[in-house]
There are 10 protein chains.
Amino acid sequence: MLFKVEMTVNIPSSLPSAEVEAIKAKEKAYSQRLQREGKWPHIWRVVGQYANVSIFDVADNQELHDILTALPLYPWMAISVQPLCAHPSSIHNE
Amino acid sequence: MLFKVEMTVNIPSSLPSAEVEAIKAKEKAYSQRLQREGKWPHIWRVVGQYANVSIFDVADNQELHDILTALPLYPWMAISVQPLCAHPSSIHNE
Amino acid sequence: MLFKVEMTVNIPSSLPSAEVEAIKAKEKAYSQRLQREGKWPHIWRVVGQYANVSIFDVADNQELHDILTALPLYPWMAISVQPLCAHPSSIHNE
Amino acid sequence: MLFKVEMTVNIPSSLPSAEVEAIKAKEKAYSQRLQREGKWPHIWRVVGQYANVSIFDVADNQELHDILTALPLYPWMAISVQPLCAHPSSIHNE
Amino acid sequence: MLFKVEMTVNIPSSLPSAEVEAIKAKEKAYSQRLQREGKWPHIWRVVGQYANVSIFDVADNQELHDILTALPLYPWMAISVQPLCAHPSSIHNE
Amino acid sequence: MLFKVEMTVNIPSSLPSAEVEAIKAKEKAYSQRLQREGKWPHIWRVVGQYANVSIFDVADNQELHDILTALPLYPWMAISVQPLCAHPSSIHNE
Amino acid sequence: MLFKVEMTVNIPSSLPSAEVEAIKAKEKAYSQRLQREGKWPHIWRVVGQYANVSIFDVADNQELHDILTALPLYPWMAISVQPLCAHPSSIHNE
Amino acid sequence: MLFKVEMTVNIPSSLPSAEVEAIKAKEKAYSQRLQREGKWPHIWRVVGQYANVSIFDVADNQELHDILTALPLYPWMAISVQPLCAHPSSIHNE
Amino acid sequence: MLFKVEMTVNIPSSLPSAEVEAIKAKEKAYSQRLQREGKWPHIWRVVGQYANVSIFDVADNQELHDILTALPLYPWMAISVQPLCAHPSSIHNE
Amino acid sequence: MLFKVEMTVNIPSSLPSAEVEAIKAKEKAYSQRLQREGKWPHIWRVVGQYANVSIFDVADNQELHDILTALPLYPWMAISVQPLCAHPSSIHNE
């Protein structure tokens, strides 16, 4: 089941940079694990923004919520979620 | 070069339904040709809306503009365009 | 899987009232069938508006999309969809 | 008398985590007491957000105000309230 | 139980003026009956707008909805409703 | 001359609570004096918000500005002002 | 007593141009009479818009409402009203 | 050449009050000098706000920018600028 | 003197296509004459929109207003105007 | 390939002024290098704002993203990006 998720990151300058780097490293590892598992099939950077457009493929709403709130950067993210489904013109089975 | 494009369709009820069906058939054929050519790699339906979320992969801005304005449903669409690029955490080369 | 759906109806005055009544009767029957099947567990009227707040319980995004776009009043509705999941403080298993 | 209430929580990072945990525990107990009393019949988590969609069933506006402003998390919440009433298509007596 | 209700009227120019005058006369009579009954204790004109700010005093949400949707001008109104309660600084028992 | 004024209060948590209580006491006394003088004929609490809807009856714009900017809570308020006048359907002389 | 009023005109193309010209001539005469009487001391055109920024100097809210709703173009105008008063830095007595 | 400029001031409470008073005094002197020079022909207070509506009469865009960014309160202002020109109904040569 | 002007065109489908083509031809000729005169130094198409981003270089506000309102497509355009001036980092004298 | 980019700068007052000056100097040098390379062909100041309107001419989305996120002022900027292409009425080859 597919969802478009848009995330915008806003880390306050008061957070020590070593801590920021540690969080970003965890975020990357966490994201790549989910990508390898097929639950986060697409992630793109938005040009000029510290933001991404992502597609998630999950079993249900609960799994998506659990994945998103476990993001290491979650406390500093604004997140919007939009449920998707198959488009009748799509030639892909996605 | 990737772009997220969101299209919302709003066909006035005054348009004869035969004409609407003809336009939709052309739209589907046009979309599927571009999907097969790899220029429109993703299209998803937004749940509960006559709308889609699409990813386009084009040579440049001009090509995207030409593709979008040639959509058979273009006169009845609200379109938003957002340029994308590679995300540093992505495991895919897209 | 639960979704909050908000629907606002805006029927143009140009639609003949007999046709409007027929559509509303179909809408009511359709809604009540889905309520009896447990797929539309809640529907409330918004005070002062021709609008409702509803909760849907469906198998997946696709089923919700199919249900919503088959609403007899769908062509005259503005619809917003928000995915829900269990709240950790809830005493109910919903 | 029914109301849809949407609450979004935004706890500043400056609040000590022990204090945050204590407030959340009080919030849970307070919410569950009201749920058991039938005044807060539904609470759902919004996917991807520290937010909920709730239905309250209270005697009047004043009781709703008193309940909401007594929420332990009230000082860190953005709250919106929408009065509801019976929908003529509902098969339930709610 | 008190509610602030704001109504903005937008009558299409296609409605014959005799019909408009008849509707407005009914609206005035309807409003004044509710004012005399104490259910619509205040109505003010917004300067420069075909709009009003009103206070309603009703038994419950359902009564307010029934009153508003029975307004003769209801089909041409945009309505917003805000539940009110006693202010702790008020010297009045309202 | 009547005005609808809506005030939303947002006191930063950094303000010492003793100071907050002192300001609120002054605010209440100030508001009640103006109510007794007939310049602030109505004040209602907005349900679920630290906000009010008020009606002011003043000699002119300048008097309203002077009253509002002298509110003890003024530095922490967002204020919106809307000029009102008699509604032709009103049965009251207000 | 001063008010800033912003008016944006939107005349539907279905209105016959002779009628439009007649209304505009009446609007100009009406506006100039009020300017000569000192009640409409300033009117400026907004660059690139069929809109104006105006200052009105009236006895009270009621007079402003009566002046605005009597504008020949009133049925095709969107109007916003903002009450003004003396600025403490002004060197003018306005 | 005329411009409508709207300024809203938001001074953080962390600024020492002696400093605030010094800045306001400079602001007043600066504003009055420009008023006397005819470059700032009108300034009005917005009722209930720490904001003003102003009219500037300058040689060109650059001069307006230089004047605005030299305002002593500029670092704490939100500013909007709207270019104006003569209104064909105006009886004044402004 | 420079201005950024953004124009969005919305031609109703009721306008006969021959008339539309005639207006567009006039628009193009008019635009190109102003470009050659140096008053409209830049015009770009917005990707996916029937809209443009333009830079105008005019003597004053009045000239810009006269140019914009004389656009053959003006009655079907939404226009926004933003005054510009030299940027201190620019290496160009524009 | 052209993009309109709008940047608004908001430097917190807590940043030491020596640091601010150093960042601004780097920003200016960085901008002028890109201007000389032809990648940032236009930059204009928005009147009354610490903001600019810029045109970028880059090879692709990725290059634009890399340029923008390397701006010395990037951490304190709000940035919006709009892809542009040739306008059919343009007499320039840009």
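So, which residue in S3(I) does Lys4(I) stand opposite? It's Ile55(I), and I'll come back to that strand in a moment.

Some housekeeping. This is a predicted model, where local features need pLDDT of at least 70 and side-chain atom pairs count only at pLDDT 80 or more, while totals for chains, interfaces and linings use all residues. Residues are numbered from 1 along each chain as its sequence is written, chains are lettered from A and ligands numbered from 1 in the order in which they are written, and side-chain values use heavy atoms, with hydrogens and water left out.

Okay, chain A. Going from the N terminus, the elements run β-α-β-β-α-β, so to speak two helices and four strands. Those are DSSP runs, with helices being H or I of at least four residues and strands E of at least two, numbered from the N terminus. The C-alpha atoms fill a box of roughly 50 × 25 × 20 Å along the principal axes. Of the 94 residues in chain A, 52% are buried; buried is under 20% relative accessible area, exposed is over 50%, and partly exposed is in between, using a 1.4 Å probe and protein chains only.

Back to chain I. Strand S1, residues 2-9, has six of its eight residues buried, so the rest of the structure largely encloses it. S1(I) pairs antiparallel with S3(I), residues 51-57, over seven bridges, and also antiparallel with S4(I), residues 77-86, over seven bridges. Pairing here takes at least two DSSP bridges between the strands. On the S4(I) side, Phe3(I) has Pro83(I) as its bridge partner.

Now, our Lys4(I): buried or exposed? Buried, at 5% relative accessibility. Lys4(I) also makes a salt bridge with Glu6(I), closest N and O atoms 3.1 Å apart, and Glu6(I) is partly exposed at 21%. By salt bridge I mean a side-chain nitrogen of Lys or Arg within 4 Å of a carboxyl oxygen of Asp or Glu.

You'll find 40 of them over all chains. One is between Lys4(F) and Glu6(E), at 2.5 Å, N to O. Lys4(F) sits in strand S1 of chain F and Glu6(E) in strand S1 of chain E, so that pair joins two chains. Lys4(F) is buried, at 5%. Then there's a network of salt bridges linking Lys4(A), Glu6(A), Lys4(B) and Glu6(B).

What about Ser90(A)? That residue is in the segment after strand S4 of chain A, and is buried at 15%. Setting aside neighbours within four places in sequence, Ser90(A) contacts Gln32(B), Gln35(B) and Ile43(B), a contact being heavy atoms within 4.5 Å.

Last stop, chains H and F. The size of an interface is often given as the accessible area lost when the parts come together. Here about 520 Å² is buried, and carbon and sulfur atoms give 57% of that; the figure is the accessible area, 1.4 Å probe, that two parts lose on being put together, summed over both. On the chain H side, Val47(H), Gly48(H) and Gln49(H) supply 84% of the area that chain H buries against chain F, more than any other three residues. In total, six residues of chain H and eight of chain F take part in the contact.
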